[in-house]
Amino acid sequence: MRAKQMPSSILTRSKSPVILLFAVTILALSFFFFFLFSPSSTTTTTTAAVTVPYRHPSVRPETSFVASLEHFLAHKAPKIPASSDDTVGSVIDHDVRRLDERKFVKEMEWLRGDPYYPMSMPVRVYVYEMPSKFTYDLLWFFRNTYRETSNLTSNGSPVHRLIEQHSIDYWLWADLIAPESERLLKNVVRVVKQEEADLFYVPFFTTISFFLLEKQQCKALYREALKWVTDQPAWKRSEGRDHIFPIHHPWSFKSVRRYVKNAIWLLPDMDSTGNWYKPGQVSLEKDLILPYVPNVDLCDAKCLLESESKRTALLFFRGRLKRNAGGKIRAKIGAELTGAKDVVIEEGTAGEGGKAAAQKGMRRSIFCLNPAGDTPSSARLFDAIVSGCIPVIISDELELPFEGILDYRKMAVFISSTDAVQPGWILRYLTSISSTQIREMRRNLAEYSRHFVYSNPAQPLGPEDLVWRMMAGKLVNIKLHTRRSQRVVKESRSVCTCDCRRSNSTHSNPIN
């Protein structure tokens, strides 16, 4: 029997709701995937809101210096030394003038075309192609020797651990020279023409060379690096004012620092005591303070939640109690707090065993003591931050990284040295802080920790990102001081040239 055929009108009416539902579903899915994968929706656009920054969908950020370096050398380092670099022969005034003229043309172009110039982003950085003895050779040297744990400083600290703490030169350079398709930071871009650059980055590994080379060999390499950089036309044009030098360990590059005092130094602190830097060498106006690379692993959201009930100690400190300069206060505080209830004071160094002990202690404590060391700062502060342990900062002269952006009062406790040495003062103050305040500071620590974790690829809101935000704020002053130096030098030379010519003319024509 033949099946009854539905009238076409009925068939059409019966299908229309299904078709409509199907179309709406497809449209909804289209919007969902559009917003899911659209760059504008996945990138953090506000600094006030607590948001998760964009992560590269296929690359997991590596935060271990050793692991990142292994991958970098295996996959990114040239297999043979580069056949060409930025080494120059004899630089004459004509080379400097030509660069200055090209720079002038480019800056006029920016001035007319960019309403935000010179405050515009991204920051344009020229990265020098230095000979490999200043860059890749030193990285390979570290890689091939870091397992030699017997290599210690005079006070017993493992040399390679100190290099890791100060490895900011590696993290910044690795990001700057990465292919643009692999980079996540949008506030800095590498340029290939010097006239297009706002700043010039000098990729010399001053800390590795200081710790791993023999003393005279290190000094000789420092002199070679100094000559190489100061021979560059761009250096001569600005006298180094727009050049960035990573000098993050207070001992590194010490023998030749006075010749690069105009440059922008990347430092661990200002050390206003004068023990490490000569008067006039460093200032907040021209230089930038960067955080140490933490010694301990990041305590992420899951870790923070699990460690909440385990934080039974009120206050924790592990490190060397006997220090120099402003760090002498450590011994006094240690003597005052040792044996107190719910306080853990341990003597120790930053070796592998020390790292594990410090990480365990910080994750079991509410507050972490951070007194001054040989310098006003120490890596311990950043270990505490990434461990979710509220820092108790006792260092009157301390300048903090990115303080123009970050408000440390919301996640740390500051105590003056005068109060800290008063019997019982520290513990009375800490126990007076309410549980509500503690929870709030912990929440802020969880949010702030991302600003102190170096990684490859560098992440938005990470320390590499904040470096260039801070640098952008310095550009106007850099250009101002460069112009002034050029004006004075040019006029002085003009006067000298005229005087010399007049003098020569007089001597050659004594009758006149």
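This is a walk through a predicted model, from its overall make-up to single residues. Local features need pLDDT of at least 70, side-chain atom pairs count only at pLDDT 80 or more, and totals for chains, interfaces and linings use all residues. Residues are numbered from 1 along each chain as its sequence is written, and side-chain values use heavy atoms, with hydrogens and water left out.

Start with the whole protein. Its secondary structure comes to 18 helices and eleven strands. Helices (H or I, at least four residues) and strands (E, at least two) are DSSP runs, numbered from the N terminus. Of the 512 residues, 48% are buried. Buried means under 20% relative accessible area, exposed over 50%, and partly exposed in between (1.4 Å probe, protein chains only). Contact means heavy atoms within 4.5 Å. Among contacts between residues at least 6 apart in sequence, 73% join residues at least 24 apart.

Now take a helix pair. The axes of α3 (residues 65-75) and α5 (residues 136-145) come within 11 Å and cross at roughly 125 degrees. Axes are lines fitted to C-alpha atoms, for helices over the stretch in contact, and angles run from 0 to 180 degrees between N-to-C directions. α3 and α5 are therefore oblique to each other. Angles under 35 degrees count as roughly parallel, over 145 as roughly antiparallel, 65 to 115 as roughly perpendicular and the rest as oblique. From α3, F65, V66, L69, E70, F72 and L73 meet Y136, L139, W140, F142 and R143 of α5. By class, this contact has nine nonpolar, no polar and two charged residues. Ala, Val, Leu, Ile, Met, Phe, Trp, Tyr, Cys and Pro count as nonpolar, Asp, Glu, Lys and Arg as charged, and the others, Gly among them, as polar.

Next comes strand β1 (residues 123-127). Five of its five residues are buried, so β1 is largely enclosed by the rest of the structure. V123, V125 and V127 point one way, and R124 and Y126 the other way. β1 pairs in the parallel sense with β2 (residues 188-190) over three bridges. Two strands pair if DSSP finds at least two bridges between them. R124 has V189 in β2 as its bridge partner. Three bridges also join β1 to β3 (residues 199-201), again running parallel. There Y126 stands opposite F200.

Finally, some single residues. R237 lies in α10 (residues 233-238). At 10% relative accessibility, R237 counts as buried. Beyond its neighbours within four places in sequence, its contacts include D100, E107 and D242.

Most residues other than glycine have a negative phi, and most peptide bonds are trans. F253 has a positive phi of about 60 degrees and is buried at 0% relative accessibility. E239 has phi near 55 degrees and is partly exposed at 32%. The peptide bond from Y117 to P118 is cis, as is that from N456 to P457.
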